[in-house]
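Please keep the sequence and the structure in view while reading.

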Amino acid sequence: MLSMPRGHVLVLDDERSILTTLQKALTLEGYTVDVAGGIAIADDKLQKRSYDIALFDVALPDGDGVDLLKRLRASGSDLPVIVMSGHATIDAAVRATRLGALDFLEKPISTDRLLLVLDNALRLVRAEAEAKILRAQTGKIGELIGDSRAMLDLRDQIARAAKATATVLVTGERGTGKELVARAIHLASKRAKGPLEKMNCAAVPSELIESELFGHEAGAFTGATKQRRGKFERASGGTLFLDEVGDMPLSMQAKLLRVLQEREIERVGGSETLKVDVRVVAATNRDLTAACQAGQFRPDLYDRLNVLPLALPPLRARREDIPLLARHFLALATEANDRPGMKLSDAGLTVLAGYSYPGNVRELRNVIERLVILTPDDTIDADDVRTCLGTPVTGSKISLFRPGVPYRVLSEEADRILIEEALAHYGGQMAGTARALGIERSHLYKKCRALGIRNADKGEGDDPPAG
């Protein structure tokens with residue numbers, strides 16, 4: 001059984017002694033190394049498998065390593081390359097770096113220098129990949145913004161989970177930020193310097209999930225023209241985020257369970273067993289307990305995933321965070337849509353804070369961007385928000401029903417409107433409001449907490465009950 005390598009390296013050089021020396025040195029450091037004595041052999045290997053990094057000699061009998069790098073870039077390959085030469089010249093170094101070479105080493109190569117350059121190069125590549133993901137995600141569902149008790153508790157849970165090594169199961173409705181939580185756990189953990197890989201189990205065809213997770217060998221199935229490393233291999237030393245894990249086919253659930261138990265994988269079509277050093281963070285918006293009872297999810301896999309459960313609150317349970325999130329999204333949307341100077345009125349914020357948001361933070365972001373694009377004036381007012389949300393404008397007939405919104409959400413929204421209007425009528429006094437509604441004051445407090453209603457007057461000895 002093999003341990004997961006630090007990285008897969010291709011060394012291209014025409015001197016056999018150099019190939020032997022570098023292969024031995026890098027293998028001892030935990031790398032998997034392939035060697036090629038010429039351009040044609042290197043081309044063949046590059047077509048058959050994937051590499052984390054490559055070392056190219058400049059002068060070769062059948063071509064030039066810099067020209068090979070140029071062809072790779074022209075084909076769209078972003079393979080990290082370090083160029084080396086015994087005939088180092090400024091011209092060769094400039095050519096290589098202009099084509100995207102990460103570094104240039106002069107022969108004879110110091111092993112210590114080579115190992116340092118390789119380590120730094122792989123760190124840089126992984127950091128750039130993470131930065132690319134972060135840039136792509138910026139503004140999509142927002143950072144973990146909010147000062148509510150729910151968000152303070154969530155940050156505390158993330159910090160505790162990050163210190164541990166156990167599998168985490170993140171649950172929550174769509175749009176609550178499950179991927180952001182997974183990334184926060186990764187970045188705060190000891191694995192932060194390693195890669196963060198992601199796979200959406202609902203987005204990958206069932207017949208390709210095994211290959212996507214475990215990789216495959218060349219010829220393993222139709223279309224598998226070269227060896228490909230899967231998510232587990234690419235996440236070595238880091239974290240693998242399995243989004244929508246509740247939608248994984250039952251046949252794959254058994255194979256995932258085995259990996260979590262044994263900490264080893266085999267590529268599709270291969271016989272080599274590889275040890276994996278990966279922490280798994282899974283997420284779902286499904287009720288996995290109910291799915292287990294219905295025979296749609298394996299109970300033993302659920303137990304393996306649910307070592308550290310982390311439940312994300314819906315936006316309607318932390319309404320006090322809506323103004324912060326709205327202003328954050330407003331800044332992003334005005335910049336992206338070239339609408340500088342746009343503002344959101346207090347009345348507009350009030351309407352936003354009263355909406356139920358079935359799509360949670362993601363829906364709020366989309367609403368703000370829609371308002372920035374469609375509002376003709378520089379100030380977004382209450383009626384602009386109502387029109388955008390499809391809720392009644394001033395003077396129109398009130399209707400709480402909205403097609404596609406579940407009864408539970410509509411019911412919560414109706415409760416909120418009723419309680420807020422009653423509180424406003426009685427000046428925020430909880431005792432008077434409870435008497436008028438014919439309910440216990442303790443029950444009113446519980447409803448207010450559940451619905452995120454704040455700023456009730458605690459006068460007249462109206463302190464909330466303990467607990």
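## A parallel sheet

Val9 stands opposite Ile53 in strand S3, and this pair belongs to the link between strand S1 (residues 8–12) and S3, which run parallel and are joined by four bridges. Strands here are DSSP runs of E with at least two residues, while helices are runs of H or I with at least four residues, and both are numbered from the N terminus; two strands pair if DSSP finds at least two bridges between them. The model is a predicted one, in which local features need pLDDT of at least 70 and side-chain atom pairs count only at pLDDT 80 or more, whereas totals for chains, interfaces and linings use all residues. Residues are numbered from 1 along each chain as its sequence is written, and side-chain values use heavy atoms, with hydrogens and water left out.

S1 and S3 are part of an open sheet of five strands with parallel pairing, in the order S2-S1-S3-S6-S7. Strand S2 (32–36) and S7 stand at the edges with a single partner strand each, so one side of each has no neighbour in the sheet. From one strand to the next, the twist averages 20°. Helix H1 (residues 16–28) lies across S1, S2, S3 and S6, and runs at about 170° to S2; such angles run from 0 to 180 degrees between N-to-C directions, with axes taken as lines fitted to C-alpha atoms, for helices over the stretch in contact.

Asp57 lies in S3 (residues 53–57), and an unreviewed UniProt entry lists Asp57 for "modified residue: 4-aspartylphosphate". UniProt positions are given in the numbering used here with shortened feature names, and such annotations may be inferred rather than shown by experiment. Asp57 counts as buried because its relative accessibility is 4%, where buried means under 20% relative accessible area, exposed over 50%, and partly exposed in between (1.4 Å probe, protein chains only). Not counting residues up to four places away in sequence, Asp57 touches Leu12, Asp13, Asp14, Gly65, Met84, Ser85 and Lys107, contact meaning heavy atoms within 4.5 Å.

S3 pairs with S6 in the parallel sense over four bridges, and Met84 is the bridge partner of Asp57 in S6. In a regular strand the side chains alternate between the two faces of the sheet. Ser85, in S6 (residues 81–85), has Glu106 as its bridge partner in S7.

## Nonpolar cores and a buried helix

The largest nonpolar core has 31 residues, and those with the most contacts inside it are Leu213, Phe232, Leu242, Leu256, Phe297 and Leu305; a nonpolar core is a set of buried Ala, Val, Leu, Ile, Met, Phe, Trp, Tyr and Cys residues joined through side-chain atoms within 4.5 Å. The largest share of this core, five residues, comes from helix H10. A second, separate core of 27 residues includes Leu315, Ile322, Leu349 and Val385.

Helix H7 (residues 178–187) has eight of its 10 residues buried, so this helix is largely enclosed by the rest of the structure. Among the buried residues of H7 are Leu180, Val181 and Ile185.
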